[in-house]
Amino acid sequence: MSQYDVLCIGNAIVDIIAQCDEAFLTDNGIIKGAMNLIDAERAELLYSRMGPAIEASGGSAGNTAAGIASFGGRSAYFGKVSRDHLGDIFTHDIHAQGVAFDTKPLAGTPPTARSMIFVTPDGERSMNTYLGACVELGPDDVEADKAKGAAVTYFEGYLWDPPLAKEAIRLTASHAHAAGREVSMTLSDSFCVDRYRAEFLDLMRSGTVDIVFANSHEIKSLYETSSFDEALAQIRKDCKIAAVTRSEKGSVIVRGDETVVIQATQIRELVDTTGAGDLYAAGFLFGYTQGRSLKDCGDLGSLAAGLVIQQIGPRPRQNLKREAEQAGLL
């Protein structure tokens, strides 16, 4: 019996979300739809130019951990914040969601990470992230009991940017596999894939990672092809399970020779795509750790993603367990 369903490892980030027009992105040199890494000086500049904003605890894997807890799952989280205002916000929010979060905060600098997210009228989000305290997450922060006690460990590809985090992930994965558990990752961002393609492929082919989450852009970037079908054929060989999201086309899940096609959830209005992939992973992993079929896992992921994109912010305000029950999925 596992102590936790899913242990999530990620960059502990407070999202500062504002709406803007396309011209704002152009004027400020922001790459639309990407996660742009920035320094403290640019963070201050962009913050000063933002319109009215919402501050919300985010970070890709943190959103996934919160989503799993909302489904009624038992989730834990490793991530580094500082002892400052934003660190207090992050810690309060993730505890309030019911996630076990005990990573020791930094006493000094750098400050807690923040991501300025600009949402254009089409709902696309463009992230500008100052990693701050995130980069200090390292092997000393790995709690072996949680690593061994979670059915699945899940980490974000973004963590491949800070070098200490790589060591923490490899250590956690070794604890997990030694205890007969599984390890999963999200490719996070096609620019992230471009930076670490060889390492991500090695993680999959070496068996360090069992389950991979990606969107269609990321998987095509991973295999350097413009053909989705070709990329899908490749990833089928490289990991135990791959779940690939395709926006309004739904998602495709492959395991060996098995292929499961999932429909997208019907939505009233696309407001903000922030957190869509994170919440898809939450629904999928919740179902997976409950022993559900791949079809059920995909449907739960699709439901959660469909709910979060109809609001501003990366964590659903609805109780996902209740929403899944009403949709006949639980």
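What share of the contacts in the protein with a separation of 6 or more comes from residues 24 or more positions apart? The figure is 74%. Keep that in mind as we go through this predicted model.

Start with the overall build. The protein has twelve helices and 14 strands. Its radius of gyration is 18 Å. The globule rule gives 20 Å for 330 residues, so the protein is as compact as a globular protein of that length. Along the principal axes, the C-alpha trace spans about 50 × 40 × 40 Å.

Of the 330 residues, 61% are buried. The accessible surface comes to about 13,200 Å². Carbon and sulfur atoms account for 48% of that surface.

Next, charge. Count the side chains: 31 are positive and 44 are negative. The centres of these two sets lie 4 Å apart.

Let's zoom in on one residue, S188. Where is S188 found? Look in the loop between β10, residues 182-186, and α7, residues 190-205.

Is S188 buried or exposed? Its relative accessibility is 11%. Buried means under 20%, so S188 counts as buried.

Widen the view to contacts in general. Leaving out residues up to four places away in sequence, S188 touches E156, G157, Y158 and E218.

Notes:
Residues numbered from 1 in each chain as written. Predicted model: local features only at pLDDT ≥ 70, side-chain atom pairs only at ≥ 80, totals over all residues. Heavy atoms only, no water. Helix = DSSP H or I, 4+ residues; strand = E, 2+ residues; numbered from the N terminus. Rg over C-alpha atoms; globule rule 2.2 N^0.38 Å. Buried < 20%, exposed > 50% of the residue type's maximum accessible area, 1.4 Å probe, protein only. Contact = heavy atoms within 4.5 Å. Areas by Shrake-Rupley, 256 points an atom, 1.4 Å probe, with all protein chains shown as cover. Lys, Arg positive; Asp, Glu negative; His and termini not counted. Charge placed at Lys NZ, Arg CZ, Asp CG, Glu CD.
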